[in-house]
Amino acid sequence: MQVYLTHTADALANYYGEGALAALRQVAQVRLNQTGRHLAGRELAEAAAGCEAIVSYRQSPGEAETFRHAPDLVAFLRCAVDIRNVDVAAASAAGVLVTQATPGFIPSVAELVVGQMVDLARGVSDAAASYHRGAVPAARMGRQLNGATLGIIGHGAIGRYLAPLGLALGMRVLVADPHAAPEDPRLEHVPLEALLAGSDFVVCLAVANEQTENLMDAAAFARMRRGAFFLNPSRGNLVEEAALLAALDSGQLAGAAMDVGRAPDQMPTPSLAAHPKVIATPHVGGLTPAAIEHQAFDTVRQVTALARGEVPDHAVNAAAATRLARLGITPPAA
């Protein structure tokens, strides 16, 4: 098999890794993206001409134009869990298989959240920045996590991992999720309104979809305890940023931490990240070797399965992927 890897050189180092690349080369002929740019649409199709599979970095979407102009393509493998930037309907219409990776970033993101909570509560970044400028910061009173209340919006994979970390720190943990109730009796399952009103730290880990667009709006921030902290390590479209800015300016919130936002590539919006009450990181929640290799090796296993004539794990449209027949694979019945 021939495989096109969409990652630019920097993205290849940070979001795929040498180990996974070496493993991929053991099972396929690999063509790298040498353009230095993130490709999309027809340009991506032309770059991948002759390849049966594309392994896609998050900034190379699976657009209808790509599937329309890639007659050799059999499979589009997303090196991530999130496939919202893949036009699955267009891929299916072209007979192209779409797959996704599994979440290997759960501990990495949860650990970042804990670090950001400590930073917000103790002013670590502010003090460090003062020393870096050659100034001596004032010693200010902090807040401890032990005895505080952690509210987790969303009881998905990261939320389930984060909750016991909060318990281990001596926090009371509230969970709001209309679709999943925690099994651990130490966790309190409450409506979102009660979580917002009762938490010192609110961590937004809801699924990002049309129903949760701007979940955290002016009304939601108004329900929070005055002087509470808000953290968003999930997706930027969960937060109405003007409302968050107003809550920070008014003192309703003591601070916020964000790893994501509405800037390109889900980065924090620079103007909001520059706010003195905000600590921001550039979408690095899952950027650890263990997390990145987990998802990269998922794509290696998927390519291996295709090369063996098998439908790979974590396929999302296998029944419509008629081009699998070119690899001697019979798509499963719908």
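## Salt bridges in the model

A salt bridge is a side-chain nitrogen of Lys or Arg within 4 Å of a carboxyl oxygen of Asp or Glu. By this criterion, a search of the whole structure finds 12 salt bridges.

The model is predicted: local features need pLDDT of at least 70, side-chain atom pairs count only at pLDDT 80 or more, and totals for chains, interfaces and linings use all residues. Residues are numbered from 1 along each chain as its sequence is written, and side-chain values use heavy atoms, with hydrogens and water left out.

## A pair within helix 3

Arginine 42 and glutamate 46 form a salt bridge, with 3.1 Å from N to O. Both residues belong to helix 3 (residues 41-47), where they are 4 residues apart, about one turn of the helix. Helices (H or I, at least four residues) and strands (E, at least two) are DSSP runs, numbered from the N terminus.

Arginine 42 has 45% relative accessibility and so counts as partly exposed. Buried means under 20% relative accessible area, exposed over 50%, and partly exposed in between (1.4 Å probe, protein chains only).

## A pair between two loops

In the salt bridge between arginine 58 and aspartate 265, the closest N and O atoms are 2.8 Å apart. Arginine 58 lies in the loop between strand 3 (53-56) and helix 4 (64-68), and aspartate 265 in the loop between strand 11 (253-258) and helix 12 (270-273), so the pair ties together parts that are 207 residues apart in sequence. Aspartate 265 counts as buried because its relative accessibility is 18%.

## A network

Arginine 84 pairs with aspartate 82 in a salt bridge whose closest N and O atoms are 2.9 Å apart. Through salt bridges that share partners, Asp82, Arg84 and Arg235 are joined into one network.
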